[in-house]
Amino acid sequence: MAKDVKPTRKNLMAIEDRIELSERGHDTLEKKRDGLIMEFMDILDQAQEVRENVDDQYQRAQQAINMARAMEGDVAVRGAASALKEHPEITSESKNIMGVVVPQIESSKVKKSLDERGYGVLGTSARIDEAAEAYEDLLETIILAAEVETAMKKMLEEIEKTKRRVNALEFKLLPDLYSSQEYIEQKLEEQEREEIFRMKKIKAKKEEEEDADHRTTEDATETEEPLTADD
């Protein structure tokens, strides 16, 4: 790249401006990358906790439904499940984390009271209530897990993109600009030295010509015959 640039002061100033802008951009991107990594680590900790909760609550829900089936029978359990009239509602909004848009999932009508579940309280046992509650808790945690996992994925993608931009500036663009700057400065210094040398030669030649003219004038004056009284 360096040798493709004409070694002029105008190009040198333009490259210096690009270097300053690129260095500022590099610093900004580095800070963004570091901030994103810190945010990602926080989300990762949250994701690990949510995953553990999903596993625990799934096991609890399975145990509760198995117990309900054993005590009440599959028909009673299926009948209680089909009695549900209001299904959970999920809405998705967005929030911004250091310039990264991540989803914010809101749920409603997941947790229900006994009378909101639709089945008759008198016709069922506490085992079915426990199973219903366990699956409601599991569903809420799964919704949270979906939000956290999606946010983590988007943050990771943004970190990778930012890292690529930082590396491109640090290992490609800035070294090329520094090389071009050095090349132009060297060429300008060479041109300046050549110009100084040329000016010295011109000055020396001019002085020689002036000395020669002066000597010629003196020689001509000395060879002239002095005027006598007869003339």
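In this predicted model, M155 touches L36, E39, F40, I43, I97 and V100, with residues up to four places away in sequence not counted, and contact here means heavy atoms within 4.5 Å. M155 and I43 are the residues with the most contacts inside the largest nonpolar core, which has 25 residues. Because the model is predicted, local features need pLDDT of at least 70 and side-chain atom pairs count only at pLDDT 80 or more, whereas totals for chains, interfaces and linings use all residues. Residues are numbered from 1 along each chain as its sequence is written, and side-chain values use heavy atoms, with hydrogens and water left out.

**Nonpolar cores**

- A nonpolar core is a set of buried Ala, Val, Leu, Ile, Met, Phe, Trp, Tyr and Cys residues joined through side-chain atoms within 4.5 Å; buried means under 20% relative accessible area, exposed over 50%, and partly exposed in between, with a 1.4 Å probe and protein chains only.
- The largest core has 25 residues, and α1 (9–72), α2 (74–82), β2 (100–108) and α3 (126–223) each supply at least two residues of this core.
- A second, separate core has 8 residues, including I19, Y183, I184 and L188.

**Overall fold**

- The protein chain has 3 helices and 2 strands, which run α-α-β-β-α from the N terminus on; helices (H or I, at least four residues) and strands (E, at least two) are DSSP runs, numbered from the N terminus.
- Of the 231 residues in the protein chain, 26% are buried.
- Among contacts with a separation of 6 or more, 78% are between residues 24 or more positions apart.

- H26 lies in helix α1 and is buried, with a relative accessible area of 10%; leaving aside neighbours within four places in sequence, H26 is in contact with V166, L169, E170 and L174.
- K161, in helix α3, is partly exposed, with a relative accessible area of 39%, and the C-alpha atoms of K161 and R33 are separated by 9.2 Å although these residues are 128 residues apart along the chain.

**Contact of α1 with α2**

- On the α1 side I65, A68, R69 and E72 meet D74, A76 and V77 in α2.
- By class, this contact has 4 nonpolar, no polar and 3 charged residues, where Ala, Val, Leu, Ile, Met, Phe, Trp, Tyr, Cys and Pro count as nonpolar, Asp, Glu, Lys and Arg as charged, and the others, Gly among them, as polar.
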